[in-house]
Amino acid sequence: MTKERLYLFDTTLRDGAQTNGLDFNVENKIVIARILDELGVDYVEGGYPGANPTDDAFFTEKRTEKATFTAFGMTKRAGRSVENDPGVQALINSSADAICYVAKSWDYHVDVALGCTNEENLEGITDSVKAAIAAGKVAMVDCEHFFDGYKANRDYALACVKTAYEAGARWVVLCDTNGGTMPHEVFEIMQDVTQHVPGSHLGIHAHNDTEQAVANSLAAVRGGVRQIQGTLNGIGERCGNANLVTLIPTLKLKPEFADRFEVGVNDTGLKSLTMISRQFDDLLNEAPDRHQPYVGESAFATKAGIHASAILKDPHTYEHVAPEQVGNSRRVLVSNQAGLSNLIDELARMGIEVDKKDKRLPDLLAIVKQREAEGYAYEGAGASLELLARRHLGSVPDYFRVESFRTVVERRYNAMGDLVTMSEAVVKVEIDGETRMSVAEGQGPVNALDIALRKDLGTLQDKIENLELVDYKVRILNGGTSAITRVLIESRDGQGHRWFTVGVSENIVDASFQALVDSVTYKLFKYS
C-alpha cells in the first residue's frame, strides 16, 4: 500500500534564531543549512531577508541542494501594492526557492498589530501569494495566532486560511503562536479546517509553552495536516518550538505513523540524529541535554540493578525502540543501586574485558558504592568511573603525579580605582622522575588551576593541546559552610570527543581539582 507523504519544514534558522541569548552569523547558518539538507528535511527556512544584514548576506545565494530553500517575511502592508512594498520585494528578489509569508489570522491582532481592516488583511494575503507565484517561487502562508483566532472568531480565522489557499499557496500553516493550545483542541480544530482546505495543503507550527509542541504536531497529523514545522533540539523563542529531533524518529519508528506515512529522512539520516543533535549543540556552545528523548546520553540509560539485569537478557524489557536506530547507545549505569550485572555491562561498554568470575569485581563494586555514599555520582561521570575501574584492574599508566597545589585569591582596587578579584594557582607535578612547578593566573581559582596544571606537562604537553573544558557544575550535597561539594566537569577535544569527570570534597577547589586531574588523565589515556 502506498504511504502518504509528510513534509518536514525546518525553521531553526528563523524561528529558532529567536532563542534568548542566541545569535547566528552567516557561517553558522551555512553549516546548519548543510546539515539539514543532508538530513533530508523538505524545507529549510533560512531567515528574513530585508530584516538584518546577516539574513541579507545569507540569501545572496541558494544554500541547499535538495531541500526547498525558503525565505520568511510579512505579507504586504495595507494601503500599498506589492511592487511598492520593500519587504515583499526583498523576498521576491532573494535567492529563495520559496516564500513563507506570515499573516495575522486573529482579528484582534489585525486591529491592534496591523491597524488595518479585516478585509485589507485578506487582500494582503491574496496579493502577496500571487506575487510570489508570479516570481516563480513556491508560496506558503503561516497563519499566525490561528488557534487563538479560531477560538475568538472562527469564521475570520477560516477566511484567512481559505484566502491563502484560493490565492494559490502550496501550504497554509496553522500556528499555535502562543503555545497554549491542547492536543485534543488541535485535533478537533484540524478536523474542522480540513472540511474547507485539503489536509495535503495544511501544516502545523507548534510552540512549546505547555511542553506539548510535539504532541500538538502529532495531533495535527492525526487531524489531517501533512506538513510539520519545527527546529533542531526544539530551540525557539520563549519555551521553544516543536522538536524535529524527537518528531522524526516518532514518525519513522512508531507504527501509527510509520505504517501510514513516509518522510524525506531515510534510515541513514535517522541513525545520524544523535550526532546531528550533539553537533548542533557544539555549534551553539551548549551542553547537550542528557535527558533529551531518543538522542540524549541518558535516553537509553538504566540504573536499577533489576532493570539492568532484564535489559541484558532482552533490551525490549525497558526500551521502546532500539537506540542504534537513532545513532544512540545503551548504557547500564553503575551506582549505589547497581549490581554486578550493571558493572559488567558498563565495563564491556568501556572496552574492558573481564571475566564475570573475576574476584576483583565485587571489591570494585564495593568501592563504587562506598564512593557514591561519600557523594560521588558516577552515573553522570563515565570518564571518572572508567579511570577508577581501570586503576583497580591495573591498566592506567601513571602519566604524572600531583605533588601539591595552592591557590590564592586577592581582592583589591586596581590603578583605575575599580574593585577587582585576581586568582593565582601554583601546581607541582612529577613527570618522569622530574618535579615541575607551574604558576598561572585565571578568572577564578579553578580556572587558574586548570591553566597551571596544563601549562607544563613535559613530553605530554602536545597531547593535551586541544583539550578544553566546556561545562562546570557544582552541587552542594548538605548544608552549612563546611558542606560536601560535588563538581562535575565536561571536557572535549578537537576531534569532538566529550567526557565527564567528577570530584568530591569539603573544599570546592579540591573537588574541582580532582575532576580536572581526571579530565587530563582520561584525555591522555583515551584520546592521545
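Me: Is Tyr294 buried or exposed?
Reply: Tyr294 has a relative accessibility of 6%. The cut-offs are under 20% relative accessible area for buried, over 50% for exposed, and partly exposed in between (1.4 Å probe, protein chains only). Tyr294 therefore counts as buried.

Me: What kind of model is this?
Reply: Residues are numbered from 1 along each chain as its sequence is written, and side-chain values use heavy atoms, with hydrogens and water left out. Local features need pLDDT of at least 70, side-chain atom pairs count only at pLDDT 80 or more, and totals for chains, interfaces and linings use all residues; the model is predicted.

Me: What is the phi of Tyr294?
Reply: Tyr294 sits in the loop between H13 and strand S11 (301-302); helices (H or I, at least four residues) and strands (E, at least two) are DSSP runs, numbered from the N terminus. Although Tyr294 is not a glycine, its phi is positive, at about 70 degrees.

Me: What is the phi of Asp432, and is this residue buried or exposed?
Reply: Asp432 belongs to the loop between strand S14 (419-431) and strand S15 (434-442). This residue is not a glycine, yet its phi is positive, at about 50 degrees. With 70% relative accessibility, Asp432 counts as exposed.

Me: Which residues does Asn243 touch?
Reply: Asn243 lies in the loop between strand S9 (227-230) and helix H10 (244-253). Its relative accessible area is 11%, so Asn243 is buried. Contact means heavy atoms within 4.5 Å. Not counting residues up to four places away in sequence, Asn243 touches Val214, Thr231, Leu232, Asn233, Gly234 and Gln292.

Me: Are H1 and H13 roughly parallel or antiparallel?
Reply: The axes of H1 (residues 26-39) and H13 (residues 273-284) come within 12 Å and cross at roughly 175 degrees; axes are lines fitted to C-alpha atoms, for helices over the stretch in contact, and angles run from 0 to 180 degrees between N-to-C directions. Angles under 35 degrees count as roughly parallel, over 145 as roughly antiparallel, 65 to 115 as roughly perpendicular and the rest as oblique. H1 and H13 are therefore roughly antiparallel.

Me: Which residues make the contact of H1 with H13?
Reply: By class, there are eight nonpolar, two polar and no charged residues. Here Ala, Val, Leu, Ile, Met, Phe, Trp, Tyr, Cys and Pro count as nonpolar, Asp, Glu, Lys and Arg as charged, and the others, Gly among them, as polar. H1 brings Asn28, Val31, Ile32, Ile35 and Leu39, and H13 brings Leu273, Ile276, Gln279, Phe280 and Leu283.

Me: At what angle do the axes of H8 and H9 cross?
Reply: H8 (residues 183-193) and H9 (residues 213-223) have axes that come within 8 Å. These two helices are roughly parallel to each other. The crossing angle is roughly 30 degrees.

Me: How many aromatic pairs does a search of the whole structure find?
Reply: Rings of Phe, Tyr and Trp (its six-membered ring) pair if their centres lie within 6.5 Å; planes under 30 degrees apart are stacked, over 60 edge-to-face and the rest tilted. The search of the whole structure finds 14.
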